[in-house]
Amino acid sequence: MGAAAEQFSSRLAVCGDLGIGTVQMNNGWETVIGLEIHAQLSTESKIFCGCSTRFGDEPNSNTCPVCLGLPGALPVLNMRAVELGARAAIALGLHINERSIFARKNYFYPDLPKGYQISQYDQPFSSHGELEIMTALRDDAGHPKDWFPKKIRITRLHLEEDAGKNVHEGLPDVDRYSYIDLNRAGTPLAEIVTEPEFRSSWEAHDYVNHVRRVLRWVGASEADMEKGNLRCEANVSVRRAGDDRFGTKVELKNLNSVRFMQRAIEYEVERHIKVLESGGTLTQETRLWDERAGETRTMRSKEEAHDYRYFPEPDLSPLVLAREFIDQVRSSIPELPEVRRRRFSEQYGLSYSDASQLTADRSLADYYERAVATSGNARGLANWIRSELVRELDTAGVTASDSPIPPEELARLIKLIDEGKISGKQGKDVLVEMFKTRKGAAAVVAEQGMVQMSDAKEIDSIIDSVLDANPQQLASYRSGKEALLGFFVGQVMKASSGKANPKVVNERLREKLK
Ligand SMILES: [Zn+2]
């Protein structure tokens with residue numbers, strides 16, 4: 001990014017054109033962050049052998065000579081991993097290279113029995129990406145202010161195999177021994193590397209969440225950080241505002257959640273500024289985040305860094321992809337979440353936050369559109385899905401595609417409310433019952449004998465008693481405090497146990513208050 005394009009003010013400020021050139025300042029220091037994401041591709045078998053990638057199986061049960069690294073065993077590329085990698089790359093705005101090379105990355109670690117990892121180096125699977133994400137400044141409590149688009153350059157996305165896992169807990173004599181589980185060895189990964197594009201931990205947060213949503217959306221990865229199938233590393237440095245050289249960077253590892261990543265970045269930025277302002281120098285190193293202590297600590301310095309001695313993998317031929325293959329993958333990619341969010345806003349008149357929430361996952365977005373096709377009340381449905389339905393889904397731990405209430409049936413419930421057959425409050429109870437019993441909206445309403453009170457006479461008598469009981473408010477209203485109308489509506493609704501039709505209540509109240 002050209003520093004000339006950047007302007008700044010003293011504390012936290014965003015300047016330049018919104019998009020490229022957005023800068024956040026911290027006492028005259030600028031934060032620079034680059035991110036590396038490792039995402040496990042959702043294949044059933046490993047990338048170079050037929051072993052299962054199933055999570056949670058008996059340790060070392062999903063292994064064979066290839067993923068154990070036994071001499072003479074030869075890797076065979078899993079084309080499903082290539083296809084999912086292509087889906088991820090295209091959805092993240094990368095260019096797929098028709099020819100790429102697998103390379104050996106040499107290092108020894110107990111969970112890597114071959115002594116090298118098959119990865120890609122100077123000729124990666126895909127490169128030169130440009131991805132537009134939405135980001136926002138946050139207030140002190142972390143609430144976003146205005147959202148704006150920012151373009152992120154993605155250097156590359158390449159394919160590689162995962163290593164095994166060292167186990168240090170839950171087994172006999174773990175104080176003296178480490179255990180190795182090689183079930184994960186050979187699991188396919190996409191490594192996604194950005195340019196140093198981020199200027200705050202919130203931008204990094206918004207990017208990681210964007211990538212997770214896209215990977216899930218196109219079925220490339222479950223992208224679940226808790227299960228460890230999406231991992232994140234951050235390169236962090238600071239520099240004086242206006243300086244176009246980068247400061248000394250540290251690489252942060254062990255960032256097991258987006259929140260940890262942010263905390264680690266913020267800790268490092270503060271540490272860097274403190275060291276530099278007191279005249280000290282920083283060393284380029286790899287540091288680990290310790291969540292319990294709330295700090296980072298040195299893992300290895302630059303001098304101890306591995307020299308990976310990359311060279312082309314002699315057991316695999318170059319990966320050459322036909323144009324038709326790439327085109328076919330491209331045409332199978334569904335409308336992406338950001339595009340869909342914008343369409344939802346335009347087509348259905350939804351706010352940014354409504355449209356974002358409804359496109360948080362694809363099954364929810366599909367659910368919403370099917371419901372709208374039945375009821376036509378796009379905004380009402382958005383509200384009901386966001387608040388009432390999503391709460392029930394979360395509690396039950398299911399996605400919208402497994403909702404016990406089909407979208408058409410939710411639409412029917414909203415229709416009953418729109419037509420004034422039941423009240424909104426009754427509707428909430430009906431929804432809970434529908435979710436529990438899988439019964440239709442009309443059936444639940446009939447069963448519970450719910451009827452909305454729409455009879456003007458009946459409502460009038462409730463209004464009269466409410467007005468009698470609140471002479472002071474009545475006097476204030478009549479002397480001009482018309483905002484009290486809402487208070488009277490609330491009292492009438494309460495007195496009717498939520499059964500009164502709010503529309504009739506409003507009409508009758510206005511009449512009586514004249
Ligand atoms: Zn295997």
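Is Glu83 buried, exposed or partly exposed? At 27% relative accessibility, Glu83 falls in the partly exposed class, where buried means under 20% relative accessible area, exposed means over 50%, and partly exposed is in between (1.4 Å probe, protein chains only).

A note before the views: this is a predicted model, in which local features need pLDDT of at least 70 and side-chain atom pairs count only at pLDDT 80 or more, while totals for chains, interfaces and linings use all residues. Residues are numbered from 1 along each chain as its sequence is written, and side-chain values use heavy atoms, with hydrogens and water left out.

View 1. Helices (H or I, at least four residues) and strands (E, at least two) are DSSP runs, numbered from the N terminus. Like Glu83, which is partly exposed, Arg80 is partly exposed, at 40% relative accessible area. By the rule for salt bridges, the count comes to 44.

**View 2. Lys114 reaches Glu161 in a salt bridge.** N to O, the two side chains come to 2.7 Å. This pair links distant parts of the chain, 47 residues apart: Lys114 is in the loop between β5 (102–106) and β6 (116–120), and Glu161 is in strand β8 (residues 144–161). Lys114 is partly exposed at 22% relative accessibility, whereas Glu161 is buried at 5%. Across the strand pair, Glu161 stands opposite Pro188 in β11. β8 and β11 (residues 188–194) pair in the antiparallel sense over seven bridges; two strands pair if DSSP finds at least two bridges between them.

**View 3. Arg138 and Asp206 form a buried salt bridge.** Here the N to O distance is 2.7 Å. Arg138 lies in strand β7 (residues 126–138) and Asp206 in helix α3 (residues 201–217), so the bridge ties together parts that are 68 residues apart in sequence. Both residues are buried. Elsewhere, salt bridges with shared partners join Glu335, Arg340, Arg343, Asp366 and Glu369 into one network.

**View 4. The hairpin of β7 and β8.** These two strands run antiparallel and are joined by eleven bridges. At one of them, Arg138 has Pro144 in β8 as its bridge partner. Five residues lie between the strands, and Gly142 in this hairpin takes a positive phi near 90 degrees.

**View 5. Gln262 and its neighbours.** Gln262 is found in helix α4 (residues 258–277) and is buried, at 1% relative accessibility. Leaving aside residues up to four places away in sequence, Gln262 touches Ser201, Trp202 and His205; contact means heavy atoms within 4.5 Å.

**View 6. Four cysteines hold the zinc ion.** The protein donors are the SG atoms of Cys49, Cys51, Cys64 and Cys67, lying 2.3 to 2.4 Å from the zinc ion. Donors are N, O and S atoms within 2.8 Å of the metal (3.2 Å for Na, K and Ca); water is not among the atoms, so sites may look incomplete. Angles among the four donor atoms run from 99 to 116 degrees, and the site is tetrahedral, a label given to four donors if all angles lie between 85 and 135 degrees. For reference, the ideal angle for four tetrahedral donors is 109.5 degrees. Along the chain, the donors follow the spacing C-x1-C-x12-C-x2-C. Cys64 and Cys67 are buried.

**View 7. Two residues with positive phi, Asn60 and Arg309.** Most residues other than glycine have a negative phi. Asn60 has a phi near 65 degrees and lies in the loop between β2 (29–40) and α1 (65–68), partly exposed at 34% relative accessible area. Arg309 has a phi near 45 degrees; this residue is in the loop between β15 (295–301) and β16 (311–312) and is exposed at 54% relative accessibility.

**View 8. Confidence, and the stretch of residues 1–23.** The protein averages a pLDDT of 91, and 95% of the residues score at least 70; pLDDT is the predictor's confidence in each residue, from 0 to 100. Over residues 1–23 the pLDDT is below 50, and beyond near neighbours in sequence this stretch has 52 contacts in the model. Where pLDDT is low, the predicted coordinates should not be read in detail.

Technical notes:
A salt bridge is a side-chain nitrogen of Lys or Arg within 4 Å of a carboxyl oxygen of Asp or Glu. Four donors count as tetrahedral if all angles lie between 85 and 135 degrees; four count as square planar and six as octahedral if opposite donors are over 155 degrees apart and all others between 65 and 115; anything else is irregular.
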